[in-house]
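User: I have a structure open and want to talk through a few parts of it. Can you take my questions as they come?

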Amino acid sequence: MDAELLVVGGTVHTGDPDLPVTDALAVSGGRVVALGERARALRASGTEVIDLGGGALLPSFGDGHVHPLLGGLGLRGAAIRDCGSVEEVLHEVRRWADENPGAECVFGDGVSPTLAPGGRFEARWLDSVVPDRPVVLRTMDHHTAWVNSAALRRAGLTRDTPDPAGGEIVRTADGELLGTLREWGAIDPVLALVPEATLDVRVDALASVSRMLAAAGITWVQDAWTELDDVDVWLTAADRGLLATRANLAFRATPEGWEADRDAFAVARKRVGERGGDTVKAGTVKFFADGVIEAGTAALLAPYTDCPHSHGISNWTTDELCRAAAEVDRLGFQIHIHAIGDAGVRMALDAIECADRCNGPRDRRATIAHLQLVDGDDLDRFTSLGVVANFQPLWAQLDALMTELTIPRIGAERSAQQYRIGTLSERGARVAFGSDWPITAYEPIRGIATAIHRQTPSGIPSEGWLPRERVGLERALAAYSAGVAYQGFEEDLWGRLLPGMRADMIQLPVDPYRLSSTQALGELAVTRTWLGGKRVH
């Protein structure tokens, strides 16, 4: 057998502890077929040879929690993500509105909640630039919307509208609507004002994001929020050969709709299985246990420090989440739960334990994502229940979101217990990483660097934030490759570079193990990405 592709001239990190490093790798038929001298022996006249130039070849990355379609569609609106002030946002909103006079609604995605005191945005600010049609802006965490008065009127929200279940309509001291809406119960009525994109626009958005992710070294994604009508977008993109990454879809289950939707989830899974091939699968159901700390909506065991009457918002009762999780588990779906606060995490663990008790032990690999606060009594439950802990390592730093919103809301004692990546790893929990893009940056290299040093890009604090929760380079790389592959039940297919496994791999210009600075690691750019031996970047 001749090699179709031979990689030489640098260090090959296999990701396998029994053979961590070699100096050559051969690919044929989309699979790794040999390493080292055996790989070089397969070189033939038609073999493509890649010289690493002293750099490194590594297993490709997976993203265990990301929103490709949602994020791609968000890029079509006003470019507010990088705005550094309310004034900059207003300038961009006015520019977009002027350039799109026929748009029924002005929309944008990714405004920082730190731009307004306490994350409280006012409708009158947007009214000053666009008074005549709805403006709907989502914050970067997607758990808050900032809207103008026209959007409030069009959605039928008035001062007499009570807070909906699972949501908060933020008000002024005299009871008027401020212009800030929190969580889905309050946000959904204004999101309905944003016109739905056509199938072709959605497919193009997804294809563009797929290429973007591949350029960062990502070859597999867990779409962590798939609506039923998103399935056609994924399948159409796959049919047209537009995807540079493989994907698993997670259907969102809601407290009010999961019983009516569960049969549709199973039908959609069957349809994806018939058409998606190796590119698109649909084996997961996603639940939101709670909200986010910066908005005061994450579910906490003890009250918020800055709001002693509030424990946040639980989107489900424990009994109902247990019942829903057990049912989708019975149907063979993997459970994937968003849980930020310690009460939300406990509820998620209780639901997974209920599924195990109701349906019997099996290799279910239920996943809990985010895990900002985990109570000490719940740490060992991850190992005993076989739960995958999916962290977003880029969040583990003292950025403005942390210092201006999160820490004031939960106080110093709980703040010192955030993102316990090192603790859960040391206790034997399965750890995988994800980005939650478009919430934060999608590049795994940046997240890996932050997991190691737990510093801001400017190196603050010098010893790392909560340094006991740092992890080493090997563990951080594995969490973004083999850890995600395990989460996706594909650890025998990718995540390591061994004979017989898919040639899903990346080239880096330098060997990350030889860098003198972890900060320098975060600045590396992926040189090439291969998906099944085919170069996609």
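User: Start with α15. What covers its buried residues?

Analyst: The cover includes the strands β8 (61-66), β14, β20 (430-433) and β21 (505-508), together with the helices α16 (473-479) and α18 (518-521). Keep in mind that this is a predicted model.

User: How many of the residues of α15 are buried?

Analyst: Nine of the ten residues in helix α15 (residues 444-453) are buried, so the rest of the structure largely encloses this helix.

User: Which ones are they?

Analyst: Pro-444, Ile-445, Gly-447, Ile-448, Ala-449, Thr-450, Ala-451, Ile-452 and His-453.

User: And what does phi do just after α15?

Analyst: Arg-454, just after the helix, has a positive phi of about 45 degrees.

User: You mentioned β14. Where is Thr-226, and is Thr-226 buried or exposed?

Analyst: Thr-226 lies in strand β14 (residues 218-226). Its relative accessible area is 0%, so Thr-226 counts as buried.

User: What is Thr-226 in contact with, leaving aside neighbours within four places in sequence?

Analyst: Thr-226 contacts Leu-249, Ala-250, Phe-251 and Arg-252.

User: New topic, the open sheet with β9 in it. What is the strand order?

Analyst: The order is β9-β10-β11-β13-β12, five strands with mixed pairing. The edges are β9 (106-111) and β12 (168-171), and each has a single partner strand, so one side of each has no neighbour in the sheet. On average, neighbouring strands here are turned by 25 degrees against each other, direction ignored.

User: How many bridges join β9 to β10?

Analyst: Five bridges join β9 to β10 (residues 135-139), and the two strands run parallel. In one of the pairs, Gly-108 has Leu-137 of β10 as its bridge partner.

User: Which helix packs on that sheet?

Analyst: Helix α6 (residues 184-191) packs on it and touches β10, β11 (144-147), β12 and β13 (177-182). The direction of α6 makes about 110 degrees with that of β13.

User: Now helix packing. At what angle do α8 and α9 pack?

Analyst: Helix α8 (residues 231-239) and helix α9 (residues 258-275) pack at about 0 degrees, and their axes are 11 Å apart. Angles under 35 degrees count as roughly parallel, and α8 and α9 are therefore roughly parallel to each other.

User: Which residues make that contact?

Analyst: From α8, Val-231, Asp-232, Leu-235, Thr-236 and Asp-239; from α9, Ala-268, Arg-271, Val-272 and Arg-275. By type, the contact of α8 with α9 has four nonpolar residues, one polar and four charged.

User: Are Cys-322 and Cys-358 buried or exposed?

Analyst: Cys-322 counts as buried because its relative accessibility is 10%. Cys-358 counts as exposed, at 51%.

How values were computed. Residues numbered from 1 in each chain as written. Predicted model: local features only at pLDDT ≥ 70, side-chain atom pairs only at ≥ 80, totals over all residues. Heavy atoms only, no water. Pairing = 2+ DSSP bridges. Helix = DSSP H or I, 4+ residues; strand = E, 2+ residues; numbered from the N terminus. Axes fitted to C-alpha atoms, helices over the stretch in contact; angles between N-to-C directions. Contact = heavy atoms within 4.5 Å. Buried < 20%, exposed > 50% of the residue type's maximum accessible area, 1.4 Å probe, protein only. Parallel < 35°, antiparallel > 145°, perpendicular 65-115°, else oblique. Nonpolar A, V, L, I, M, F, W, Y, C, P; charged D, E, K, R; others polar.
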